[in-house]
Amino acid sequence: NLGVVLMGNYDRQRPNSAQLAALVAIIEGQKQRYRIPVSRVKTHQELDATACPGRNLQAFMMSARRGVLA
């Protein structure tokens with residue numbers, strides 16, 4: 001498992017473009033290095049009952065799995 005943290009409250013704000021670019025780069029690098037399918041890329045709330053990563057970052061991740069991370 002690998003946990004990645006973006007500092008902020010993503011129920012109240014949106015991650016900035018630098019945060020999102022870094023997040024995508026980290027995920028893509030790990031996916032390629034370890035041959036991880038996008039179906040195995042999960043957020044905290046998809047694994048446990050929590051509000052993390054917040055609705056705005058969750059929406060980005062759902063979209064990214066259909067697009068940029070696919």
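These questions and answers walk through helix packing and the nonpolar core in a predicted model.

Visitor: Are helices H1 and H3 roughly parallel, roughly perpendicular or oblique to each other?
Guide: H1 spans residues 17-34 and H3 spans residues 55-66. They pack at an angle of about 45 degrees, with their axes 12 Å apart. Under 35 degrees would count as roughly parallel, and 65 to 115 as roughly perpendicular. H1 and H3 are therefore oblique.

Visitor: Is the crossing of H1 and H3 left-handed or right-handed?
Guide: The crossing of these two helices, H1 and H3, is right-handed.  On the H1 side, the contact is made by Leu20, Leu23, Val24 and Ile27. H3 brings Leu57, Phe60 and Met61. The handedness asked for: right-handed.

Visitor: How many residues of the contact of H1 with H3 are nonpolar?
Guide: No charged residue takes part, and no polar one. The nonpolar count is seven.

Visitor: Is Glu28 buried or exposed?
Guide: Glu28 lies in helix H1. Its relative accessible area is 18%. Buried means under 20%, so Glu28 is buried.

Visitor: Which residues is Glu28 in contact with, leaving aside neighbours within four places in sequence?
Guide: Leu69 touches Glu28, and also Val24, Ile27, Lys31, Val38, Met61 and Ala64, not counting residues up to four places away in sequence. Leu69 is also part of the largest nonpolar core. With that sequence limit, the contacts of Glu28 are Val68 and Leu69.

Key
Residues numbered from 1 in each chain as written. Predicted model: local features only at pLDDT ≥ 70, side-chain atom pairs only at ≥ 80, totals over all residues. Heavy atoms only, no water. Axes fitted to C-alpha atoms, helices over the stretch in contact; angles between N-to-C directions. Helix = DSSP H or I, 4+ residues; strand = E, 2+ residues; numbered from the N terminus. Parallel < 35°, antiparallel > 145°, perpendicular 65-115°, else oblique. Left-handed = near helix turned anticlockwise from the far one by under 90°. Contact = heavy atoms within 4.5 Å. Nonpolar A, V, L, I, M, F, W, Y, C, P; charged D, E, K, R; others polar. Buried < 20%, exposed > 50% of the residue type's maximum accessible area, 1.4 Å probe, protein only. Core = buried A, V, L, I, M, F, W, Y, C linked by side-chain atoms within 4.5 Å.
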